[in-house]
Amino acid sequence: MSIVYKRPDVFTDEYMKYCGGCGHGIINRVIGELIEEMNLQEKAVFVWPIGCSVYADKYFKVDSICALHGRAPAVGTGVKRATPDNLVIVYQGDGDLVSEGMSEIMHSAIRGEKFTVVFVNNAIYGMTGGQMAPTTLMGQHTTTSPYGRGEEFTGHPVNMAEIIAGIPGCYYSERVTVSTPANIRKMKAAIKKAFTYQLEGKGLSFVEVVSPCPTGWGVKPVEALKWVDNTVLSTFPLGVFKAPKE
């Protein structure tokens with residue numbers, strides 16, 4: 001029996017320009033599937049960051065806006081408050097959210113803004129040359145930490161899903177990954193829950209996705225997936241850190 005690949009109608013015909021093995025393409029695909037399955041094409045509004053996904057507005061047939069570096073939560077706040085019936089998806093990478101935009105995401109959670117954050121954590125600055133990010137692992141080599149990240153000068157990686165979960169305005173926080181088909185299914189379920197909570201008018205919903213960056217890490221795609229499971233998840237464990245009681 002042959003398997004027919006169906007491109008969700010929510011996507012344009014634009015070819016995705018992510019590097020080979022990058023997790024962004026998988027995450028984009030899953031979000032596109034959910035928008036279509038939940039019939040949200042007319043309600044979805046993306047807020048894109050400065051980062052590897054900055055051109056993703058060309059991939060989706062939905063409304064979108066690009067924010068200044070780190071300011072996606074601020075823009076998402078304005079869009080959601082102006083159009084509260086829309087599904088606002090704030091999509092950010094680790095440099096964008098945890099470095100330039102740390103204050104923006106924290107205060108959005110403090111205010112309990114009613115949008116969904118999809119936070120892609122690949123432990124590095126992917127678009128700008130593989131520099132060390134706030135999420136870079138201890139000992140990890142990057143272009144700005146060639147001898148490995150050390151505690152004395154840069155401290156420790158930031159665990160955003162846990163931090164956000166501790167803020168009362170956050171309604172839901174979970175960390176997932178794209179490393180295996182089973183984990184991709186769990187990621188899709190997590191993002192669907194986040195969308196559902198937003199549509200129900202709940203507080204901030206936050207899904208952190210641990211994603212490979214073969215180009216930035218300097219490894220082949222298959223090895224990058226293994227490194228996620230064997231190394232990255234030791235620092236960023238998967239799990240639900242905040243959810244409503246059911």
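Does Cys 66 count as buried, partly exposed or exposed, and what is the relative accessibility of Cys 66? At 43% relative accessibility, Cys 66 counts as partly exposed. The legends below describe close-up views of a predicted model.

View 1. Seven strands, that is 7 in the order β2-β1-β3-β4-β6-β5-β7, form an open sheet in which the pairing is mixed. The edges are held by β2 (63–66) and β7 (239–242), each of which pairs on one side only. From one strand to the next, the twist averages 15°. In general terms, the strands of a sheet pair through backbone hydrogen bonds, either parallel or antiparallel.

View 2. Strand β5, which comprises residues 170–177, pairs with β7 in the antiparallel sense, and 3 bridges connect the two. Within this view, Ser 173 is found opposite Lys 242, a residue of β7.

**View 3. Helices α1 and α7 lying across the sheet strands.** Helix α1, made up of residues 24–37, lies across β1 (44–48), β3 (87–93), β4 (116–121) and β6 (204–210), and its direction makes an angle of about 175° with β3. Helix α7, made up of residues 181–199, lies across β3, β4, β5 and β6, and runs at about 165° to β5.

View 4. A search of the whole structure returns 0 disulfides. The sulfur of Cys 52 has its closest cysteine sulfur in Cys 22, at 6.0 Å, which is too far for a bond, given that a disulfide requires two cysteine sulfur atoms within 2.5 Å. Cys 52 is itself partly exposed, with a relative accessible area of 33%. Cys 66 is likewise in no disulfide, and the nearest cysteine sulfur, that of Cys 52, is 13 Å away.

**View 5. Helix α9, its bend and its buried residues.** Helix α9 (residues 221–235) contains 15 residues and reaches 20 Å from its first C-alpha to its last, a span close to the 21 Å expected at 1.5 Å a residue. At Val 228 the helix α9 bends by about 45°. Val 228 is also one of the buried residues of α9, together with Ala 224, Val 232 and Leu 233. An α-helix has 3.6 residues a turn, so residues three or four places apart point the same way. The cover over the buried residues of α9 includes β5, β6 and α8 (214–217).

Terms used
Residues numbered from 1 in each chain as written. Predicted model: local features only at pLDDT ≥ 70, side-chain atom pairs only at ≥ 80, totals over all residues. Heavy atoms only, no water. Pairing = 2+ DSSP bridges. Helix = DSSP H or I, 4+ residues; strand = E, 2+ residues; numbered from the N terminus. Axes fitted to C-alpha atoms, helices over the stretch in contact; angles between N-to-C directions. Contact = heavy atoms within 4.5 Å. Buried < 20%, exposed > 50% of the residue type's maximum accessible area, 1.4 Å probe, protein only. Expected span 1.5 Å × (residues − 1). Bend = angle between axes of the 7 residues up to and from the residue.
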